[in-house]
Structure formats: structure tokens, C-alpha cells
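Trainee: Please take one part of this model and go through it closely. I would like the local details and the contacts that tie it to the rest of the chain.

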Amino acid sequence: MRCPDAFTFLAAARPPRTNTLVAPLQTAFILGAGYIAGSLLDALQRTGAYKISVLVRNPEQAAKLLDLGINAILADLDSEETIRAMAKNSDVILHAAASDHLPSVKAILKGLKDREETDTPAVFIHLTGAGSLMDKSDGSETSDVIYSDTEPGKIDSLPEGSSHKAAHKLISETLRSRTLGSTRLAVVLPGLIYGVGSGPFNKLSSQVPGIIREALKDRQVSIPGAGAAIWSNIHVANLASYYVYLISHLQKSPLSLNPYYLPETSATTMLSISLAVHKILSSKGLVDKEPRNVAAFNTLLTNNARSRGVRLRDAGWKGDAEGASVREAIYAEVELILDEAESQEWVRIEDEDWH
């Protein structure tokens, strides 16, 4: 589909396909290009089924996307008219930039309302997270409360003011009002996301790498609270494959008024993750002491957040086909963080030599 002339794309459109037996490319619009969004971009690109546009606000990132043959839209999340028009002209919209930025979500919904009905329904997937499901623990105990995506009422009933509540409410109410016709709306709430990403920019998440970086700084691993808190989790590669499968599933399946999908492949305590980090760093001589419990360290991870993703598994998604386990992925995360630190040290030395 052709986007309005008012928008400047930093990459030329792909040449038209001449083989009439080949299905036309779908148009995909991704908001954001960070750790998760970048991995989603890579996964969609590898399917060969999409002509992709990405909203970024950084000119250097836009230039990099150009080099990769991807349409780049240089704008921010407050560029409501741009986002609205892109949504109108896209088959698939993935918002993975800021979970709680309601103006951009509203702009997408307006654009979808402007859109003409097509044989294949448009899909809008909004990324939030299992932070919505956190209890108020101090890390001293493991919760047995597990949210399922087959029970939307439990997510709907989370209290006002809870994490991502406003975005969930806006999308679920729009879906159930049926004001967007056959358009498919979904909210994805992954657990703790780990592993090295495959996107062009940020390769790491914040949770597990945060534990690693703090340990490298202090030469001692800090355990969030007592470490008993447990989070459902998923490797970023598995999350990307989940999205590819979910898009196809939504387009082919009857309209559902349940917007929630909870991707996960396992559950791990913070103590287990912290001890795995300690074991790896200790083997490299990068920590000197045994791990310590720190109540104020990463208080997000002292909460429990457990979920079970049933819906897409029932539809055939294989949850552990792509990514490594948490413990296996920590090795790769440590190596990347050490490589980044070494690169920064060389930059610092060169700067000092220059002056």
C-alpha cells in the first residue's frame, strides 16, 4: 500500500514482483527499533513476507535502517498524524516502543478505523509486559498465583493504576466494542525477556544484564531481596517467533474478544538467576565474594510475576524452538557486556591520547 506523499521514507520501496504466482508482500509498521522491536524486525524480515516500515526518532538509526533496505520514518511517538496515516495503510502494526504511551495507541486505533476492510484483516499487537501481573512481594517468598491468557477477566480486574492498566483497558474496550470491524487487536504480556537480541541496535534487555553489570562494578553479585521471587520468562528469539506465529494466527482465526496473549517458556527464581551469574563471573575471576542479598537492589525483581501462555500453544506454537535457557543465555550476555566494556575502554584511551 502506498503511504501519503507527506511522509519521507529513507529507503526506496522494493521493486514490484512480476511473478503473479507469488503472494504480494504485506505491509508491516513497527513502532520502535530497540531490543524487542529490533528482534521483531529481524524476525519479520527473515520471513520474506513483509514490506516493513519502522518509526524511529534517531537519524543515525534511520540511516542504518536505510542500509538494511528498510523504510525508516523519522518521527516520534507524539507524531500522531504520521502514526495514524501509517496505521491506515498497514496490514500489520506492532507497537513495541513505549507500553504506556496512550496518544500513539489512540493514533493507531484512529488509523485502523480509517482503513477500508480487506480480505485479510489488519492486525495491531501492542506490547506491554508481565509487570502488570506483579504482586507486592519483598523477594522473601514465591507466589503460587499464575495468570493465564485463557482467563482475560483476571487481567481486566487488575486494579486501576496498576502497570499498563490504561493501555490494556483502551485496547480491550475498543476490541469488545467492535468499532473496528474485523481488525484484530492483541495485547502481548511477556514475562522476563532475556538473551541477546537479533536487531540492528540494542542487543540486551535490562533485567538480567542489570544484575551482571552491577556485579562487575562491585565484584560481587547482588540478589534481589531474598531471591525467592519467581518470574515467567522467554528468550527474545522465542518471543520474536511467537509474534510471527501470532500474526498469522490472528489473520486466519475467527475474531476473538479476548485480547491477551502471555508468551513464556519457563519460570525461574531470582536466586537461581543470580547464582548462575555468580558462577559464570567467578569462573572468569570477575567476582571476589559470595553473592549477597540486597533488599533495595532492583526492587522490580523482588516481586513475583507468573503467567501461563495457553492460547498460542493450543494453536500450534512450539515455545522453545529458538532460544536458549536462562542459564545458557547468561553466558552470551556476559560475553557481550564484557565486549562492550572493552570497546568503551578503548574509546576512553583513544580520547585521552587525542587530548
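Mentor: Start with aspartate 288, which is exposed, with a relative accessible area of 53%; exposed means over 50%, buried under 20%, partly exposed in between (1.4 Å probe, protein chains only). Aspartate 288 forms a salt bridge with arginine 219, the closest N and O atoms being 2.7 Å apart. A salt bridge here is a side-chain nitrogen of Lys or Arg within 4 Å of a carboxyl oxygen of Asp or Glu. The two partners are 69 residues apart: aspartate 288 lies in the loop between α9 (270–283) and β13 (292–294), arginine 219 in the loop between α7 and β9 (222–224). Arginine 219 is partly exposed, at 32%. Its phi is positive, about 60°, just after α7.

A note on the basis. This is a predicted model: local features need pLDDT of at least 70, side-chain atom pairs count only at pLDDT 80 or more, and totals for chains, interfaces and linings use all residues. Residues are numbered from 1 along each chain as its sequence is written, and side-chain values use heavy atoms, without hydrogens and water.

Now α7 itself, residues 207–218. Helices (H or I, at least four residues) and strands (E, at least two) are DSSP runs, numbered from the N terminus. The 12 residues of α7 should span 16 Å at 1.5 Å a residue, and the end C-alpha atoms are 17 Å apart, which agrees. The expected span is 1.5 Å times one less than the number of residues. Buried residues in α7 include Val208, Ile211 and Ala215.

Arginine 213 forms a salt bridge with glutamate 340, at 3.3 Å between the closest N and O atoms. That pair links α7 to helix α11 (residues 326–354), 127 residues apart. Arginine 213 is partly exposed, at 38%, and glutamate 340 is also partly exposed, at 30%.
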